[in-house]
Amino acid sequence: MDQQYDPKSLEANAQQFWAENGSFEVSEDPARDSYYCLSMFPYPSGKLHMGHVRNYTIGDVISRFKRMQGKNVLQPMGWDAFGMPAENAAIKNNVPPAKWTYENIDYMREQLQSLGFGYDWKRELATCDPNYYRWEQWFFTRLMEKGIAYKKTAPVNWCPHDLTVLANEQVIEGCCWRCDTPVERREIAQWFLKITDYAEQLLADLDTVEWPEQVKTMQRNWIGRSEGMEVKFEVPGHDSLMVYTTRPDTLYGATFMAIAAEHPLSLSVAVQHPELTEFIEACKQTNTAEAELEKMEKRGFPLGINAVNPVNGEEIPIWVANFVLMGYGTGAIMSVPAHDHRDWEFAKKYGIEIRQVVAPSDGSEVDLEAGAYITKEGVCCNSGTLDGLDFKTAFNAIADNIEEQQKGSRQVNYRLRDWGVSRQRYWGAPIPVINCQACGTVPVPKHDLPVVLPEDIEFEGIGSPIKSMDSFINTTCPRCGEAAERETDTFDTFMESSWYYARYACSDQTDAMLDQRADYWTPVDHYIGGIEHAILHLLYARFYHKLMRDEGLVHSDEPFKSLLTQGMVLKDGSKMSKSKGNTVDPQLLIDSFGADTVRLFVMFASPPEQSLEWSDAGVEGAHRFLKRLWHIIHQHIDSSNDRIADLDVSNLNTIQKAMRLKLHETIRKVSDDFSRRLTFNTAIAANMELLNAVSKFDDDSDQGRSIRQEVFDNMALMLAPIIPHVCHQLWRELGHDSIIIDHAWPQVDESALVQDSIEMVIQVNGKLRGKMQVSTDVDKTSCEAAALDNEQVKRFIGGQAVRKVIVVPGKLVNIVV
């Protein structure tokens, strides 16, 4: 055994061994319990960052541990390869997005391999590969046939310079984040998936998964189930307006209606009203994000038309308002300014009546000049027959009345909106649709899939190059054979990341999207990623899994049984980011200290779900521990000279028993830390304590050497999931012919935990004054006597009278004087 710890050579040797032997390649085995551990796949941005390293180390540690427990473990890796960063890089570097992406994948794959992650690389996939997205395209055509995929116009943020739709977060102070052009709100035709049809399932099935409660709450709030009423307001001379409200008990307080700028009623009036037309155009500059609508200045335009309140026949004015969107609900709302902050703000600005219809149940006064009064605990007032009724009673009374008059009905509504899946961008999977003048919208037949995205293009960032590429656009209709055009929008990249976990199970399948192997591996047993994905990715993946279930592709309801949301990596008190200049390059650390040092540090610095504060000293400390571990085991091997006898546990002295007690207490604790608590930092700390203890175990007898061998064998096993390279080598140096990754997790020897004696603390008036060894079966009287006879204790008691002696069995004796 080399005397010096040399991570570069031993890590290269271990990785070469795993690669040559296909150590982490797995296949289905019905005789064994499967375990699917998956970390969210990365975007191939060019280099790994420390967030990647932490995420993937956690997943690898869990995977290796489960393997040692006898599970048939799948841990794959791939690339979430489509998306706008590649387009930005193409502009900056004058290189096609595809070339940039594939080069990044090659480099990042090498980085992942250098960290020793135990991936089944045979299953590797990239979402930009036509062999992957062809099945996504096929599935979309099936959803079209079912009516789940549909096309409609919807408001979007549009950059007139870049000719593209912007996400809400890409609109900065009303301008495009990239070119600073004022953003417009446009109504354009887009493809949607009916996620709202699955709202109740998505809500109910959250109770079946082992996820952090915070994530479940975020999804419940996003789905936003509410019980209310759909109410009809007649508009003399025009079509009636339908509104949804969760507070029909406040209908008597509705003093105006607000409709979206794009509402058919406002558009019809605008034909003869230039000022209204101008206002509508101004509204198109508004960001479509709900959060932005709440923060912006509320502006309106009176339509000059009234609606009739169905509960009292009162005519109330209709306003066009910039905070109402046509894509949300019906595009019309009833406004109760006394009991809604936004409506109150609008009413104060435009001098609209503010009428109180809810009062505090204790009879106190409400100051509506100061703001809206919002509560469900009050009672109705100024509401006719509802006066004095509480919320629930009033709700049911008004609902019964409106339903009897056929002016509305009870409804369950959801905040959730259908998923818009089309993007007016280039670097994405083409939507498999052909537009024919005669036949309309036609899905591309299965035998013509995939619709391949042209990759050898010049990309300048103005619109999508395929929108002007005749060779891509021009085609023939598969129904009538006449000239037609391809859809030039591409899929939202969340489409690709919503089913990749299932494709890993059968990534070599060329004839179907999934096969029976998907049912062997899914649902994923343990999914790992950042909490920032709590809503969009995790919700879309749950929805997509149910869609695949209903197609018969999988036979489970949820994609991920258990979820671990790891904390952020911080440096200087804030999240690492290039913009803050506080990033750390993992590759430099690997080159300087080795992969095991990096892995050890990120697992030791904090529990997985908490933020990790970067520390250069912590990295150096992790490296020192590995060198010390290597050195102490080297000393043991060097001094033993193959003189390791079988351990005779029936013939041990007190010190030897204590060393074995420490070892098996550690195994018990570490096993619990790994399997139940997932607190790998405390598991590492326990092994550090064990190393300290064995380094002080100065017993060169045959029994002593055998105990040290037992300690080092088990330390190697316990640390193997975390620092696999050094443990791979140490296991061999310790004399084993087997491979450590194929060895079972260490078992606790319960007999080693049985103690003949225990140490008890002795206190005098609550202060520690001594310790003593007593028999494990000592009685209370003997315990008191031994404590009082302790020489140190006698010195502290002196001539004082002992008032009483308190014994806590197995722990302490407190002498009160």
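Which residues have the most contacts inside the largest nonpolar core? They are M50, F140, M513 and M548, and the core has 177 residues. A nonpolar core is a set of buried Ala, Val, Leu, Ile, Met, Phe, Trp, Tyr and Cys residues joined through side-chain atoms within 4.5 Å. Buried means under 20% relative accessible area, exposed over 50%, and partly exposed in between, with a 1.4 Å probe and protein chains only.

A word on the source. This is a predicted model, where local features need pLDDT of at least 70, side-chain atom pairs count only at pLDDT 80 or more, and totals for chains, interfaces and linings use all residues. Residues are numbered from 1 along each chain as its sequence is written, and side-chain values use heavy atoms, with hydrogens and water left out.

Now look at M513. Contact means heavy atoms within 4.5 Å. Leaving aside neighbours within four places in sequence, M513 touches W135, W138, F139, W499, R503, C506, Y544, M548 and L553. A second, separate core has 40 residues. Among them are L303, A307, F391 and F395.

Next come the cysteines. A disulfide is a pair of cysteine sulfur atoms within 2.5 Å. A search of the whole structure finds zero disulfides. For C380, the nearest cysteine sulfur belongs to C381 and is 7.6 Å away. C380 is buried, at a relative accessible area of 5%. For C506, the nearest cysteine sulfur is that of C128, 19 Å away. C506 is buried too, with a relative accessible area of 0%.

Turn to the aromatic rings. A pair of aromatic rings is described by the distance of the centres and the angle of the planes. Rings of Phe, Tyr and Trp (its six-membered ring) pair if their centres lie within 6.5 Å; planes under 30 degrees apart count as stacked, over 60 as edge-to-face and the rest as tilted. By this rule there are 38 aromatic pairs. One of the pairs is F140 with W191. Their centres are 5.5 Å apart, with 80° between the planes, which makes the pair edge-to-face. F140 lies in helix α5 (residues 130–146) and W191 in strand β7 (residues 184–193), so the pair ties together parts that are 51 residues apart in sequence. Helices (H or I, at least four residues) and strands (E, at least two) are DSSP runs, numbered from the N terminus. F140 is buried at 0% relative accessibility, and W191 is buried at 4%.

W319 and Y350 form a tilted pair, 4.8 Å centre to centre with 45° between the planes. W319 belongs to strand β12 (residues 315–321) and Y350 to helix α11 (residues 341–350), so this pair ties together parts 31 residues apart in sequence. W319 is buried, with a relative accessible area of 9%. Y350 is partly exposed, at 26%. Elsewhere, ring pairs link F41, Y500, Y501, Y504, Y527 and F560 into a cluster.

Rings can also have a charge over them. A charge sits over a ring if NZ of Lys or CZ of Arg is within 6 Å of the ring centre and within 35 degrees of the ring normal. The charged end of K152 sits over the ring of F192, 5.0 Å from its centre.

Now follow the strands. Is β32 (residues 812–816) mostly covered or uncovered? Strand β32 is mostly covered, with four of its five residues buried. Two strands pair if DSSP finds at least two bridges between them. Strand β29 (residues 757–764) runs parallel to β32, joined by four bridges. There, I762 stands opposite V813. Strand β31 (residues 804–808) pairs with β32 in the antiparallel sense, over five bridges. I806 faces N814 in that strand. The hairpin of β31 and β32 has three residues between the strands, and G810 takes a positive phi near 80°.

Finish with the backbone. A cis peptide bond joins L449 and P450, with omega about 5°. P450 lies in the loop between β20 (440–443) and α13 (470–473). Another cis peptide bond joins T522 and P523, with omega about 0°. N94 is not a glycine, yet its phi is positive, near 55°. N94 sits in the loop between α3 (84–93) and α4 (97–114), and is exposed at 71% relative accessibility.
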